[in-house]
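Biologist: I am new to this structure. Please take a close look at the nonpolar packing and at the rings in and around it.

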Amino acid sequence: SSDATTTTATTATTSMEDIMMNRDTATTITTTKKAKTKKYDPNLLPPRVSLSPGANKYVLVQAKRDKNTLWFVKSATPQECGGPYHANVAEELVEWLQATELEDVRVTGGGRIDYDPQQNYARVYGFSYGFGKGNHAKAAAVIERYTDI
């Protein structure tokens, strides 16, 4: 099961230069109205939960359809998402959601998820410099609802 702990890393893994670059990227992602690419089928939603094994950065993304709020959790390695920032993890998911023409697509926060598929275990913790600390309890609830973890 998910462990929605809220501990913070004791050593910084991001420099001040990284923080400033990520803030610009995060703003771009959350304020873009339409997806930059048309490779997504607007009739298909992305998976509600996408986790990569190991301790990786994650983002919690909110989108609205009519009056319903939809939540998405994604973690990825830097190699999978093209970079070391939470904004890199968020970019593809946000573009896909925007392509479906959902309303108010935004990253509400982030942190890290330590996911062990062999043990069927995920621990949600930490924070994002660019997006702020994710609602770990919400992320854990989404993971529990849409997976067998």
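Modeller: A charge sits over a ring if NZ of Lys or CZ of Arg is within 6 Å of the ring centre and within 35 degrees of the ring normal. This is a predicted model, in which local features need pLDDT of at least 70, side-chain atom pairs count only at pLDDT 80 or more, and totals for chains, interfaces and linings use all residues. Residues are numbered from 1 along each chain as its sequence is written, and side-chain values use heavy atoms, without hydrogens and water.

Arg48 lies over the face of Phe72, 5.2 Å from the ring centre. Phe72 also touches Pro46, Pro47, Val59, Leu60, Val61, Ala63, Leu93 and Leu97, leaving aside residues up to four places away in sequence (contact means heavy atoms within 4.5 Å).

Phe72 belongs to the largest nonpolar core, which has 17 residues. Such a core is a set of buried Ala, Val, Leu, Ile, Met, Phe, Trp, Tyr and Cys residues joined through side-chain atoms within 4.5 Å; buried means under 20% relative accessible area, exposed over 50%, partly exposed in between (1.4 Å probe, protein chains only). Val59, Val61, Leu97, Val105 and Val107 are, with Phe72, the residues with the most contacts inside this core. Two or more residues come from each of β3 (54-65), β4 (68-76), α3 (86-99) and β5 (103-116); helices (H or I, at least four residues) and strands (E, at least two) are DSSP runs, numbered from the N terminus. The most come from α3, which gives six residues. A second, separate core of 14 residues includes Leu51, Leu60, Val73 and Ile143.

Elsewhere, Arg123 lies over the face of Tyr125, at 4.0 Å from the ring centre.
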